Amino acid sequence: MHHHRALCERAVSPLEIAAGLEAHGLTDRTAARYRHRDVFALAEELYARTPAGPAEPPPPVIPAPHPDAGARAGWTLLALLPGAACLATAGVLRLTEGALGGGARAAVTLTGALLACLALRLCLRRGPLRAPEGAGRAGLYACWLLSFAVYGEELIAQVISGGPDGPWQPSPAPLLGLAAAIAPAAWCAHLFTVRARRRLEGSRALEEFGAGVRPLLLGAVALFLCALLPLLHLAGLGLGGTGTPVAAAALGVLFFLARLLAAHGLPGPGTVALAAACAVEAAAPALVLAARLPGLDPLARPVHALVEAGGTGAVPALACGAAALGLLVHASAALSRASAHTRT
C-alpha cells in the first residue's frame, strides 16, 4: 500500500487500482502472497485501507460512457469521407476518360488523393480509431504499403521480366476498397471497445477478463474481414481489378489491428508490424535486382518460387499476412489486460 500510495489515493474505484497494479506487473500469483485470491481482491483491500486525502475530493470519473447517437453519427460520417473522396475521384476519371489529357487527369488524381488524405486525418482524430498517444512512424509505413498495393505487383512483374523498362501500370482498386472499409473498421473497433469495457466491469479476476476478451477480439477481426472482402471485390469490379484481393485483405487486417492497438495506447507493436511488412515488400524486388550480379543468382530463387506459386500478388500477401498474423497474436495478449481498457 505504501509502494502504490499515489495510485491508491487518486483511484476512484477498486477497478482502477486493479488495472494499475496489473500495469506494474502484479499478477494473481503475486496477490496470493498477500493472502488474496486475485488482483481484484487485493485492489479492494487497498482501496478500503487507503485514507481519503485531506485535499479536495477527486473529480468523479465516469467509466467510459457510451457515446450518444450524435457522437456516433459524427465519427461515422467522418469515417465515410475517405471512401467517398476516392469514389468521387474514380468516378470523375471514368466519366472523363478520353476527354481529358494526361496532365488534367493527373491533376484530378492528385486532388482526390489530397482530399482523401485530409478526410482520413479528420477521421483518425475522432471516434474509436483515435490514438490518444499518437501512432509514431506508422503513417510513413502505411504510405509505403498503400503505394505498393497500387504499383507493387506491376513493379515485381517488370523486375522479374528483366526490367523495369517502362511506367508502372497502377491498380487503384485496393486503394478504393481500403478507403471504403474505414467506416466498418471504426464500427468494429467501437463494438470491441464497448463490449470489452462491459466485460471488465463484470469480471472478478484477470484470467476471467482475458478469457472473455480474446473471443471479442477475434470476432471483431472476423467481422471487419467480412465487411472488407465485399468492398474489395466491388472496387475490383468497378475499376477493372482481377483475381482475389488476398494481399489487399491482409493489408486491411494489418491496418485494423495496428490502429486498434494504437487506440488503446499501444502504438509500438503496430508500428513494428507495419515496418516488417514494408521490409519484406522492399526486399523482394531488391533481391531480384541483386541476383543480376555475378554469383548472386540464388538470391532471387525465393522470389521466383513465390511468384510462380501465387503470382505477383503473393509477395504483398505474404508480407502483410505474416505481419497481420503476428500482430493478432500479440493483440490477443495485449488487449486482454485490464490496463489496456482503462486509459483516459
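Since the model is predicted, local features need pLDDT of at least 70 and side-chain atom pairs count only at pLDDT 80 or more, while totals for chains, interfaces and linings use all residues. Residues are numbered from 1 along each chain as its sequence is written, and side-chain values use heavy atoms, with hydrogens and water left out.

**Overall layout**

The chain has 14 helices and 0 strands; both are DSSP runs numbered from the N terminus, with helices being H or I of at least four residues and strands being E of at least two. Of the 344 residues, 41% are buried, where buried means under 20% relative accessible area, exposed means over 50%, and partly exposed is in between, using a 1.4 Å probe and protein chains only. Take contacts between residues at least 6 apart in sequence, and 74% of them join residues at least 24 apart; a contact means heavy atoms within 4.5 Å.

Helix α7 covers residues 138-160 and bends by about 60° at Tyr151. That bend is the angle between axes fitted to the seven residues ending there and the seven starting there. Buried residues of α7 include Ala138, Leu145, Phe148, Gly152 and Ile156. The buried residues of α7 pack against α8 (173-180), α11 (246-263), α12 (267-290), α13 (301-310) and α14 (314-334). After α7 comes Gly162, with a positive phi near 110°.

The buried ones are Ala173, Pro174, Leu176, Gly177, Leu178 and Ala179.

**The cores**

A nonpolar core here is a set of buried Ala, Val, Leu, Ile, Met, Phe, Trp, Tyr and Cys residues joined through side-chain atoms within 4.5 Å. The largest one has 66 residues, and Ile17, Leu21, Leu145, Leu217, Leu254, Phe256 and Leu335 have the most contacts inside it. Helix α11 gives the most to this core, with 11 residues. Apart from it lies another core of 11 residues, among them Ile156, Ala291, Ala300 and Val307.

Leaving aside neighbours within four places in sequence, Leu217 is in contact with Phe192, Leu260, Leu328, Ala331, Ser332 and Leu335.

Pro215 lies in helix α10 (residues 206-239) and counts as partly exposed, at 49% relative accessibility. Val39 is found in helix α4 (residues 39-49) and is buried, with a relative accessible area of 1%. Here are their C-alpha separations from residues elsewhere in the chain:

| Pair | Distance along the chain | C-alpha separation |
|---|---|---|
| Pro215 and Ser332 | 117 residues | 8.8 Å |
| Val39 and Leu21 | 18 residues | 7.6 Å |

**The cavity**

A search of the whole structure finds 1 cavity of 30 Å³ or more. On a 1 Å grid over the protein atoms alone, a cavity is a set of points where a 1.4 Å probe fits but cannot get out, and lining residues have an atom within 4 Å of a point. About 30 Å³ of space lies in the largest cavity, the volume being the space filled by probe spheres set on the points, which are joined across faces, edges and corners. Trp75, Ala79, Cys123, Arg126, Gly127, Pro128, Leu129 and Ala186 line the largest cavity. By class that lining has 6 nonpolar, 1 polar and 1 charged residues, with Ala, Val, Leu, Ile, Met, Phe, Trp, Tyr, Cys and Pro counted as nonpolar, Asp, Glu, Lys and Arg as charged, and the others, Gly among them, as polar.

Terms used. 1 Å grid on protein atoms, 1.4 Å probe; cavity = no way out; pocket = protein on both sides within 12 Å on 5 of 7 lines; lining within 4 Å.
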